[in-house]
Amino acid sequence: MIDGFLVVDKPAGITSHDVVSILRRTLQQKKIGHTGTLDPFATGVLPVALGEGTKAIPYLDESVKEYQATMRLGISTDTLDLTGNIVAQKECSHLTAAAIHAVIPDFSGNIVQLPPMFSAIKQGGVPLYKLARKGETVERKERGVVIHSLVIDRVSLPDVAFTVRCSRGTYVRTLADDIGRALGVGAHLTALRRTASGSFAQQDAITLEELSSSRLDSLLQGRVISVRKALAGLLELHLTEAGCRRIRNGIAPTLHDLEPFIGQIPGSGRVKLLFNGELQAVADILQAEEAAAHFGLKICRVFNLLSPLHAPV
């Protein structure tokens, strides 16, 4: 079984779950999942967890995502993208590049978005898109998101290409619709490509065509990201052999079960616990004081990755 993460370059026309199904057949491995769902029409970075990597999904830092997108001004759709029905059309030929650039600052930094009806957000236990397909519209709450950067790459009316770096939970479809409204002509998304999701980037991506190659084993070498590397944002603490055995017996390690740490262990936060370079667990620091008796760890997840304690003799 392969443990870790693959960055798959999702093609248009299939769902994120379709990608998982293809990998399960290709790798002959059931324990596979994905993070950060992409719409069927969208392409690009889809992080896929393999084996023990599925346990690490809740602890990934994918708080910042990057997209390259194209919006078409003058046409609004019910889904806010090219898959929907046209609900309004307005002339946009009078717009200039300067006018388009002028509204961009209003969509930078901390902004609020109204989630689209065609979304997986649940209301009363029912996904909004199921209500939308019935022609129903319900009241939704605005949500705060962060637009770290928004750059217009090309203006070729009626199309405008842009790159956005944003927080998790941002709807780029809604961003395009809101920009269109600000310009007074409406807009919808015609193309969307995710180029980064946290530390997972398109330069590390593998295509489904490559995955179907007879040279799969050689292609995967160097492409599978270890669980330890995927959790690079977490501080690493190294266990003694006794500490590792405590974890394997379901007992949280104490300060005495850790190898000497350069610097000061923080008073709170989430950490990785390693033994001989292999990830053993993710844990939360309950309290860290100078006195060993005041230090505590709460194990969040134990990983069954190969370690010297499990390796065959």
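**Setting values against definitions**

Student: Why does Asp177 count as buried?

Tutor: Asp177 has a relative accessibility of 7%, and buried means under 20% relative accessible area, exposed over 50% and partly exposed in between, with a 1.4 Å probe and protein chains only. Since 7% is under 20%, Asp177 is called buried. This is a predicted model, in which local features need pLDDT of at least 70 and side-chain atom pairs count only at pLDDT 80 or more, while totals for chains, interfaces and linings use all residues. Residues are numbered from 1 along each chain as its sequence is written, and side-chain values use heavy atoms, with hydrogens and water left out.

Student: What makes Arg181 exposed?

Tutor: The relative accessible area of Arg181 is 61%, and because that value is over 50%, Arg181 is called exposed.

Student: How do you know that Arg181 forms a salt bridge with Asp177?

Tutor: The closest N and O atoms of Arg181 and Asp177 are 2.9 Å apart, and a salt bridge is a side-chain nitrogen of Lys or Arg within 4 Å of a carboxyl oxygen of Asp or Glu, so the pair qualifies. Both residues lie in helix H5 (residues 172-182), 4 residues apart, about one turn of the helix. Helices (H or I, at least four residues) and strands (E, at least two) are DSSP runs, numbered from the N terminus.

Student: What does Lys31 form with Glu52?

Tutor: Lys31 forms a salt bridge with Glu52, and the closest N and O atoms are 2.9 Å apart. Lys31 lies in the loop between helix H1 (16-27) and strand E2 (32-34), and Glu52 in the loop between strand E3 (43-50) and helix H2 (53-56), so the pair ties together parts that are 21 residues apart in sequence. Glu52 also takes part in a salt bridge with Lys55, again with closest N and O atoms 2.9 Å apart. A search of the whole structure finds 13 salt bridges.

Student: Why is the aromatic pair of Phe5 and Phe200 called tilted?

Tutor: A search of the whole structure finds 1 aromatic pair. In that pair, Phe5 and Phe200 are 5.5 Å centre to centre, with 40° between the planes. Rings of Phe, Tyr and Trp (its six-membered ring) pair if their centres lie within 6.5 Å, and planes under 30 degrees apart count as stacked, over 60 as edge-to-face and the rest as tilted, so 5.5 Å makes the rings a pair and 40° makes the pair tilted. The pair links distant parts of the chain, with Phe5 in strand E1 (residues 4-10) and Phe200 in strand E13 (residues 200-201), 195 residues apart. Phe5 and Phe200 are buried.

Student: How many disulfides does the structure hold?

Tutor: A disulfide is a pair of cysteine sulfur atoms within 2.5 Å, and the structure holds 0 disulfides. Among the cysteines, Cys92 is buried at 9% relative accessible area, and Cys166 is buried at 0%.
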